[in-house]
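Hi,

Here is the structure I promised to pass on. Have a look at it first, and then read my notes below.

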2 protein chains.
Amino acid sequence: MSAALSAIERFSRYQSDDAQSVRPVHCPVREVLDRIGDKWSILLVMTLATRPQRFSELHRAIRDISKRMLTQTLRDLERDGLITRHVFPTKPPSVEYCLSPLGQSLLEPMASLIDWADRRYSDIHAARVRFDGALCDA
Amino acid sequence: MSAALSAIERFSRYQSDDAQSVRPVHCPVREVLDRIGDKWSILLVMTLATRPQRFSELHRAIRDISKRMLTQTLRDLERDGLITRHVFPTKPPSVEYCLSPLGQSLLEPMASLIDWADRRYSDIHAARVRFDGALCDA
DNA sequence: CTCTAAGGTCTCTATGTGAGACCTGCCCTC
DNA sequence: GAGGGCAGGTCTCACATAGAGACCTTAGAG
């Protein structure tokens, strides 16, 4: 818990820069959220966690991502050094994506989030049902 | 690390249900990501971590969110039981948002992500510059 | 000769997001 | 008593992003 507190405190220091400051906030949390906080990044990193995979394997694993977004998200993750891309000169060429060490290092914090999701999912679902029920009554 | 491994394994069990299955995947990770994986949710939860805050305080703390999205994201977080909303009958009425116990429980996993963001941000930035430089050469 | 497969790109449309005007009630000042 | 401000929103419009699905290239199988 004290770990949580210190992280939160650090975060709020970034937040608290005065509104006068001309330069926009430069909060690493914001930057990283912008990167991995999109719809597919975390899912892709998680999927690559077990083993390197090829484009179409990934597409099969995450059936509801479009090729377009798969390409783009992989490119962005590569750009940020979280995954690496290897082209094998087979015919037709095959491309393998795998986590870089930096990407690997993301697994542990992500795991704790997944843990939370697993344990708390039922609570969230219950709250949602309750909320919608209350709306319906009103 | 073993914690990470077990979470990843659990995650991949959800992924591996066969494509034949008519019912869509029902992976808690997906559901929770859909919820807190949007642009503003994590930021709001983090901002409320230090203390309960009112609508316009939140708006000032996160200057680049529109009122529209602030309202909507708060509503969704409330719906999922992560925050609570109290209206005080002052004139004009003021509304306070604060983390529920469920929301509090999210802080610890989130803190580890923030920790990661803080420590690794410079690596990501470096990778990005390298990638863009390579593009420019080509 | 056609079909499939890999790893994409391209175009078109649907959905999400942001800016900013507006609303309601009350208090304050002029 | 007319106007202005604040609180917490809602509404509309315009634009950016995401998804669906056609298409491309090369090569091997039937």
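By contact I mean heavy atoms within 4.5 Å of each other. On that basis, 63 residues of chain A are in contact with 63 residues of chain B. Keep in mind that this is a predicted model.

Let's start with the interface. The size of an interface is often given as the accessible area lost when the parts come together. Here the area buried between chain A and chain B comes to about 5900 Å², and carbon and sulfur atoms give 65% of it. On the chain A side, the residues that lose the most area to chain B are Arg79(A), Trp116(A) and Tyr121(A), which together make up 12% of what that side buries.

The rule finds ten salt bridges across the interface of chain A and chain B.

Which elements of chain A give two or more residues to the side that touches chain B? They are helices H1 (2-15), H2 (28-36), H3 (41-50), H5, H6 (101-105) and H7 (107-137) of chain A. H7(A) gives the most, with 20 residues. By residue class, the side of chain A that touches chain B divides into 36 nonpolar, nine polar and 18 charged.

Now the sheet in chain A. Three strands form an open sheet in the order E1-E3-E2, with antiparallel pairing. Strands E1 (53-54) and E2 (83-88) of chain A stand at the edges with a single partner strand each, so one side of each has no neighbour in the sheet. E1(A) is joined to E3 (residues 94-99) of chain A by two bridges, and these strands run antiparallel. Arg54(A) stands opposite Glu96(A) in E3(A). Helix H5 (residues 67-79) of chain A lies across E2 and E3 of chain A, at about 115° to E2(A).

One last thing to check before you set anything up: the cis peptide bonds. In chain A, one joins Lys91(A) and Pro92(A), with omega about -5°, and Pro92(A) is in the loop between E2 and E3 of chain A. In chain B, a cis peptide bond joins Lys91(B) and Pro92(B), with omega about -10°. Pro92(B) lies in the loop between E2 (83-88) and E3 (94-99) of chain B.

Cheers

Terms used. Residues are numbered from 1 along each chain as its sequence is written. Chains are lettered from A and ligands numbered from 1 in the order in which they are written. This is a predicted model: local features need pLDDT of at least 70, side-chain atom pairs count only at pLDDT 80 or more; totals for chains, interfaces and linings use all residues. Side-chain values use heavy atoms; hydrogens and water are left out. Two strands pair if DSSP finds at least two bridges between them. Helices (H or I, at least four residues) and strands (E, at least two) are DSSP runs, numbered from the N terminus. Axes are lines fitted to C-alpha atoms, for helices over the stretch in contact, and angles run from 0 to 180 degrees between N-to-C directions. Buried area is the accessible area (1.4 Å probe) that two parts lose on being put together, summed over both. A salt bridge is a side-chain nitrogen of Lys or Arg within 4 Å of a carboxyl oxygen of Asp or Glu. Ala, Val, Leu, Ile, Met, Phe, Trp, Tyr, Cys and Pro count as nonpolar, Asp, Glu, Lys and Arg as charged, and the others, Gly among them, as polar.
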